[in-house]
Amino acid sequence: MDKEFLKKCEKRLLEEKAKILGRYREKEEIQERLGEESREPRDLEDIGQITYTEELLDNLSQVEMQTIREIEYALEKINKGIYGMCEGCGEQIPEARLCAIPWTRYCAKCAEEMEKETGTYMPSYGVTDMFNIDDIKVERDDIGEA
Ligand SMILES: [Zn+2]
């Protein structure tokens, strides 16, 4: 694979990781604040709102931590010189797809089959059901059958 392109992917992976970590830190701050607020709730509606937000934040963090693991996995593959190879069929994943989802492990075809099987296109470490997220699917659709 082209060294320039590999560098670009690596940069994107690192950027994405930094972005998620940044958001994660923000969330922790919100969670801390919510924790303080919930100690002195004003009325029942407030309590409901706080619980809902906490659950939402908790969910998001799990998905994002998973994405970070995928990113680290991809970075390791770059180090080992096996980045960009589909783990399903062993073919080179098209660059357009890698640009859109630099941490993907599969080509579009294998990802689609994986999706049919597991209900998610991004298989990970036993938390596959976490990845039914609309915005990720939109990205994949953009790439089409590359
Ligand atoms: Zn494949």
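Which element of the protein has the lowest mean pLDDT, and which the highest?

1. Confidence. Helix 5 (residues 134-143) has the lowest mean pLDDT among the elements, at 44, whereas helix 3 has the highest, at 92; pLDDT is the predictor's confidence in each residue, on a scale from 0 to 100. This is a predicted model, in which local features need pLDDT of at least 70 and side-chain atom pairs count only at pLDDT 80 or more, while totals for chains, interfaces and linings use all residues. Residues are numbered from 1 along each chain as its sequence is written. The protein averages a pLDDT of 77, and 71% of its residues score at least 70. Over residues 123-146 the pLDDT stays under 50, and for that stretch the model has 37 contacts beyond four places in sequence, a contact being a pair of residues whose C-beta atoms, placed from the backbone, lie within 7 Å.

2. Overall build. The protein has 5 helices and 0 strands, where helices (H or I, at least four residues) and strands (E, at least two) are DSSP runs numbered from the N terminus. Of the contacts with a separation of 6 or more, 54% are between residues 24 or more positions apart. Buried residues make up 17% of the 146 residues; a residue is buried if 20 or more other C-beta atoms lie within 10 Å of its own, exposed if 12 or fewer, and partly exposed in between, with C-beta atoms placed from the backbone.

3. Helix 4. The buried residues of this helix are Ala108, Cys110 and Ala111. Seen down the axis of helix 4, they fall within an arc of 160°, so they line one face of the helix; the arc is that of the directions from the helix axis to the C-beta atoms. The face turned away from this buried side carries the exposed residues Lys116 and Glu117.

4. Isoleucine 93. This residue is found in the loop between helix 2 and helix 3 (95-100), and isoleucine 93 is buried, with 24 other C-beta atoms within 10 Å. Leaving aside neighbours within four places in sequence, isoleucine 93 is in contact with Gly84, Cys86, Leu98, Thr104 and Cys107. The C-alpha atoms of isoleucine 93 and arginine 105, 12 residues apart along the chain, are separated by 8.4 Å.

Definitions and conventions
Two residues are in contact if their C-beta atoms, placed from the backbone, lie within 7 Å.
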